[in-house]
Amino acid sequence: MMPVMVFDIETVPDVEGGQRIHGFEGLSNEDTAKALMQLRVQKTGSDFLAHHLHRIVAISVVLATRDRLAVWSLGEEDAPEAELVARFFEGLEKYTPMLVTWNGGGFDLPVLHYRALLHGISAPRYWDTGDDDREFRFNNYLSRFHWRHLDLMDVLAGYQMRANAPLDEVASLLGFPGKMGMSGAKVWDAYLAGDIRGIRNYCETDVLNTYLVYLRFERLRGRLSEQGLDDELQRVRTLLSESTEPHLTAFLEAWQAGKRA
């Protein structure tokens with residue numbers, strides 16, 4: 001059984017990078033972010049910044065192996081971005097897992113590319129396309145149509161952008177909790193308020209939703225039997241029931257209140 005690592009990142013505007021690129025000298029971080037968003041609106045009609053101007057403030061993962069299931073956020077709450085990015089790629093080097101994301105190919109991984117480049121982080125396993133390991137020639141992390149990185153949103157949409165769906169809605173459709181108390185649009189405000197813990201907790205519930213959808217997908221493509229799916233879902237329930245973290249307890253309660261399993 002290949003280890004499975006579901007991950008998600010949360011980001012805020014890279015105000016330092018924006019100041020360096022655009023020469024916003026003398027502006028506060030908040031005013032710099034507003035200026036960057038306004039430039040983006042003028043260019044695209046949306047204030048969602050380009051990938052290279054996102055700074056990572058949280059990376060959360062679900063790691064599933066034959067003998068272990070865990071959910072956590074990398075590093076301590078005050079860990080610098082470079083440490084978070086380094087820890088992510090160190091985990092990949094250690095486990096060589098199957099990566100599972102929701103829109104990871106469209107957002108999370110490109111952002112990680114730019115931030116790793118910025119911080120001088122080495123990730124040879126991730127970038128291997130068969131030069132070091134022949135198996136990676138036919139199944140690597142970089143190819144959109146390989147399965148070592150499974151972008152569930154992309155695959156379920158049949159690689160058609162017009163068929164993409166939000167994780168929140170797909171998870172809710174299946175009876176899973178979906179978004180709980182926060183959304184990506186609220187992360188910047190939470191960051192300005194100093195609520196890193198809230199951001200990390202939100203990120204952890206996102207990876208749990210993604211993992212639960214992934215398990216249903218494994219049943220869809222015949223890699224889990226009906227009993228196997230039930231067993232894996234119960235493993236998640238057990239993990240949550242044994243946790244003392246309020247956001248994980250709330251996630252389980254919301255799941256149990258759902259109409260589907």
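Predicted model: local features only at pLDDT ≥ 70, side-chain atom pairs only at ≥ 80, totals over all residues.
Ala, Val, Leu, Ile, Met, Phe, Trp, Tyr, Cys and Pro count here as nonpolar, Asp, Glu, Lys and Arg as charged, and everything else, Gly among them, as polar.

Start with the pocket. The biggest contributor is helix 4, with six residues. Sorted by class, the lining of the second largest pocket comes out at nine nonpolar, nine polar and three charged residues.

Now for the helix pair. Helix 9 (residues 196-220) and helix 10 (residues 226-241) bring their axes within 9 Å of each other, with a crossing angle of roughly 165°. Angles over 145 degrees count as roughly antiparallel, so that is how helix 9 and helix 10 run relative to each other. The crossing of helix 9 past helix 10 is right-handed. On the helix 9 side, the contact is built from L208, Y211, L212, L215, R216 and R219; helix 10 answers with E226, L229, E232, L233, R235, V236 and L240. Split by class, this contact between helix 9 and helix 10 has eight nonpolar and five charged residues, and no polar ones.

Key: Residues numbered from 1 in each chain as written. Heavy atoms only, no water. Helix = DSSP H or I, 4+ residues; strand = E, 2+ residues; numbered from the N terminus. Axes fitted to C-alpha atoms, helices over the stretch in contact; angles between N-to-C directions. Parallel < 35°, antiparallel > 145°, perpendicular 65-115°, else oblique. Left-handed = near helix turned anticlockwise from the far one by under 90°. Contact = heavy atoms within 4.5 Å.
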